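Please open the model in a viewer and keep the selection panel at hand.

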Amino acid sequence: MSALVLVVMGFMAGALLGGIAVRRYGAVGRLSGDFARLQAEPVGADEDAVQVDDLPVSLLVLTRGGRLLHAGARAQMEFAEGLGMFVRHPALQRAVAELRPGGVAEVTIEADVPVRRVVQAFVRAGAWHGQPACVVVLLDATARDALDRARSDFVAHASHELRTPLAALTGFIETLQGPAANDATARHKFLAIMARQASRMQRLIDRLLYLSRVQMLEHQRPQGMIAVADLFARFNDEVQGKPEADRAALVLHPAPAGALRGDADQILQVLVNLSENALRYGRPPSVEPRIEIAAQWQDNGGLLLSVRDNGPGIAPEHLPRLTERFYRVSPAPGAGGEQGTGLGLAIVRHIVDRHGGRLDITSVPGQGTCCAVWLPGSTNVP
């Protein structure tokens, strides 16, 4: 991929910075298509001209001082409001300032605000309209970086998480094949435990795969529309698949009218994950469990989704770390529930970040927990 980009850069840099005149019409430059003729005749005719911005690359032209002279249409579309941040990034500014005329450099730019994004910048120095300049081709490597991080997480954490249920399954299988081969009572008991362990592994793998997909899209703002009433109707359908005791604990308040921009499937996953966490950790030991799911438009803009329980609450020292991958809080004594995968809230955080929203978790021991998700938008989004 890098070699291909450098080949494209060679053509672009030769055209833009190698002495060929570029006419500019607003924000769009135009290059004559007769490359050989224009080498000898810098100012050619308009026939057979192609637009620079039509080329399938994210192209920038910077002064040697790092000031932006031109941003191609593809660069503006692909990087949107983050383009200025990448232009001002110290690594790119240093490469532009230090590159010798005719030289080529490759720079990796990493940004963690508002979400993690990794971009490779290929820089070539030359001249633009008679003044020293650099052409920069940007290649978005965020998806590849997310995949590499997912692999690393799997090796570092998931392999350890899978080892325990695998060891349990192996031990029970050996027992059933040996001493308990003819023991019907033991066989019934062990098979039930094995089914739970296999289900635990399946949940972990499903969550890891979903988290990986979310991270690959995290830097891309969703373009779909979410009708809040439809979102709550779909969530209600999801609830019907839960055990009757869990359905009784969930109270779904009426949805407000209106819609906002977002990925409906992902926001539904947010509600599912938050409600599952509340069912697992938010069951009070001595009173009837009650988990309330509500949505409300805010006066200052945006939609607030909340999932509130009346459970035992969470100790303050855990709150800052709840969205870390594989971080888990053991259920309070008497609260019931089993240990989760430690990925549910991490998935929620990445989805909320993709939507440009906020996740706030407040809890008072003995008084329950409230997870509030604020999403930008308004009821009149076109």
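Residues are numbered from 1 along each chain as its sequence is written, and side-chain values use heavy atoms, with hydrogens and water left out.

Begin by colouring the chain by pLDDT (the predictor's confidence in each residue, from 0 to 100). The protein chain averages 79, and 81% of the residues score at least 70. Next select residues 1-9, where the pLDDT is below 50, and then residues 15-50, where the pLDDT is also below 50. Where pLDDT is low, the predicted coordinates should not be read in detail.

Now select helix H11, residues 344-354; helices (H or I, at least four residues) and strands (E, at least two) are DSSP runs, numbered from the N terminus. In H11, 9 of the 11 residues are buried (under 20% relative accessible area; exposed is over 50%, partly exposed in between; 1.4 Å probe, protein chains only). Display helix H7 (184-217) and strand S14 (358-364), which are among the elements covering these buried residues.

Proceed to Arg117 and Asp140, whose side chains form a salt bridge at 2.8 Å, N to O (a side-chain nitrogen of Lys or Arg within 4 Å of a carboxyl oxygen of Asp or Glu). Arg117 lies in strand S7 and Asp140 in strand S8, 23 residues apart. Arg117 is buried, at 10% relative accessibility.

Finally, select Lys242 and Glu276, a salt bridge of 3.7 Å, N to O. Lys242 is buried, whereas Glu276 is partly exposed.

Methods
This is a predicted model: local features need pLDDT of at least 70, side-chain atom pairs count only at pLDDT 80 or more; totals for chains, interfaces and linings use all residues. Contact means heavy atoms within 4.5 Å.
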